[in-house]
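Here is a short briefing on one protein model. Look at the sequence and the fold before reading on.

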Amino acid sequence: MASVRTYSSILIVMTLLSFGSSETGIGTINDPPYLPSACYGYQDKGVMIAAANQDLWQGGAACGKHFQVTCKGAINQGVPHPCTGSPTVTVMITDFCPPPGCQGNLDLSHEAFSSIADPRAGGIKISYKQ
């Protein structure tokens, strides 16, 4: 019986840690062309990609990392319910979104943004995790 309790406790802790690993922020939309990119120059890495803001960029260490991004809601009144029926997408970091132009944490390709939200929103509240 003690081993069942131990296993249950470990499972609960692991579940709580996985919930705690998500960050929240803003996702914005980036229209093509996507090349060249700060990570890969003119290498095509597909369209499920994103540019990282300065905090996530970490001097280029973010290049090639994958993030699961979930639409959480609107940031403006223009599109009050922007999230789609498939609110989560996985993207690879291929570029840097430098300040002061970068308005969010992740600047998602048009295709990635459109898969989780109405592109007319321009920006959305997101949660994301590597």
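This is a predicted model: local features need pLDDT of at least 70, side-chain atom pairs count only at pLDDT 80 or more; totals for chains, interfaces and linings use all residues.

Which residues have the most contacts inside the largest nonpolar core? They are Val69, Val91, Leu106, Leu108, Ile116 and Ile124, in a core of 24 residues.

**Core**
- Nonpolar side chains tend to be buried together in soluble globular proteins.
- Two or more core residues come from each of strand 2 (49-52), helix 2 (54-57), strand 3, strand 4 (88-96), strand 5 (106-109), helix 3 (110-116) and strand 6.
- Beyond its neighbours within four places in sequence, valine 91 contacts Met48, Ile49, Ala50, Lys65, His66, Phe67, Val69, Leu108 and Ala112.

- Six strands close into a barrel, in the order 1-5-2-4-3-6, with mixed pairing.
- On average, neighbouring strands of this sheet are turned by 45 degrees against each other, direction ignored.
- Strand 3 (residues 66-74) pairs with strand 6 (residues 123-129) over six bridges, in the antiparallel sense.

**Aspartate 31**
- Aspartate 31 sits in the loop between strand 1 (23-30) and strand 2.
- Its relative accessible area is 44%, so aspartate 31 counts as partly exposed: the value lies between the 20% and 50% cut-offs.
- The side chains of aspartate 31 and histidine 110 are joined by a polar contact of 2.8 Å.
- Serine 109 is 78 residues from aspartate 31 in sequence, yet their C-alpha atoms are 6.2 Å apart in space.

Note on methods
Residues are numbered from 1 along each chain as its sequence is written. Side-chain values use heavy atoms; hydrogens and water are left out. Two strands pair if DSSP finds at least two bridges between them. Helices (H or I, at least four residues) and strands (E, at least two) are DSSP runs, numbered from the N terminus. Axes are lines fitted to C-alpha atoms, for helices over the stretch in contact, and angles run from 0 to 180 degrees between N-to-C directions. A nonpolar core is a set of buried Ala, Val, Leu, Ile, Met, Phe, Trp, Tyr and Cys residues joined through side-chain atoms within 4.5 Å. Buried means under 20% relative accessible area, exposed over 50%, partly exposed in between (1.4 Å probe, protein chains only). Contact means heavy atoms within 4.5 Å. A polar contact is a pair of N or O atoms within 3.5 Å; within protein, one must be able to donate a hydrogen and the other to accept it, and residues adjacent in sequence count only if both atoms are side-chain atoms.
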